[in-house]
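Student: Could you go through this complex with me? I would like to start with the interface and then turn to the confidence scores.

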Amino acid sequence: MAERGGRAGGFRKDTVDRLLRLHFRDGRTRVNADAQLLVAELLKVFVREAASRAARQAQAEDLKKVDTEHLEKALPQLLLDF
Amino acid sequence: MAAAGAEERQVLAQRLKAAVHYTVGCLCQEVEEDKDVQFSKQTIAAISEITFRQCEIFAKDLEMFARHAKRTTVTTEDVKLLARRSNSLLKYITQKSEELASSNMEQKEKKRKKSSAAKGERTPGEQEAAVTENEDSNMA
């Protein structure tokens, strides 16, 4: 369980659980273990996509430093994809 | 009472935001190495904030999906539904879900072998019961 709970470079399973439960309207709603891992994976993809799309935008402008304006340009499509 | 609850919630939200920020930092570092770029601190903070807000949307959708299926527990089926907007994302999440399911099966198989080896000969029915008991205590 340990290696799956604290996967290096991703979201921890119990962090995901708390994040979701923070926003549930009904306190009785639970998330099963596999679903927690799958949401962790989804969030990882989301963050990596946000970062790589912003990076690509910066590279298109011949820059190595990625700034918020690059993220801003990539954001609308990112939010449409998730 | 209500005020104390709200304050507690705020503290928890802050801690979770910090956790998200940390993980986003780690993931951005990987992208930096892959793509040979550098993220400004503000960009990483912005991605963290977006991710945290996206979590709210995810949570509310998942809760609704589960309720629609007349469940109070969110399952992998609900998460798959969450990834419906992009074809490649849906494919990836479905594949991950299958991997999780098969690794669970493998673990069950291992436990079954272990428990049958440890406890000697038992009827299959008894073995099954032993396996489920073990699993419950491990999951907690």
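Tutor: What follows takes the contacts between the chains and then the confidence of the model. This is a predicted model, in which local features need pLDDT of at least 70 and side-chain atom pairs count only at pLDDT 80 or more, while totals for chains, interfaces and linings use all residues. Residues are numbered from 1 along each chain as its sequence is written, chains are lettered from A and ligands numbered from 1 in the order written, and side-chain values use heavy atoms, with hydrogens and water left out.

Student: OK, how many residues of chain B are in contact with chain A?

Tutor: On the chain B side there are 57, in contact with 50 residues of chain A, where contact means heavy atoms within 4.5 Å.

Student: And what area is buried between them?

Tutor: About 5200 Å², of which carbon and sulfur atoms give 70%; buried area is the accessible area (1.4 Å probe) that two parts lose on being put together, summed over both. In chain B, the residues that lose the most area to chain A are Leu27(B), Lys35(B) and Glu63(B), together 11% of what that side buries.

Student: How many salt bridges are there between the chains?

Tutor: The count is three, taking a salt bridge as a side-chain nitrogen of Lys or Arg within 4 Å of a carboxyl oxygen of Asp or Glu. Glu30(B) and Arg48(A) form a salt bridge through their side chains, at 2.6 Å from N to O.

Student: Which strand of chain A pairs with strand 1 of chain B?

Tutor: Strand 2 of chain A (residues 65-66) does, in the parallel sense and over two bridges, and Val66(A) stands opposite Phe39(B). Strands here are DSSP runs of E of at least two residues, and helices are runs of H or I of at least four, numbered from the N terminus; two strands pair if DSSP finds at least two bridges between them.

Student: Switching topic, what does the predictor give for ipTM and pTM?

Tutor: The complex has an ipTM of 0.90 and a pTM of 0.82. As for pLDDT, the predictor's confidence in each residue from 0 to 100, chain A averages 90 and chain B averages 86.

Student: Which element of chain B has the lowest mean pLDDT?

Tutor: That is helix 5 of chain B (residues 124-139), with a mean of 48, whereas strand 1 of chain B has the highest, 98. Over residues 126-140 of chain B the pLDDT stays under 50, and the model has 13 contacts beyond four places in sequence for them.
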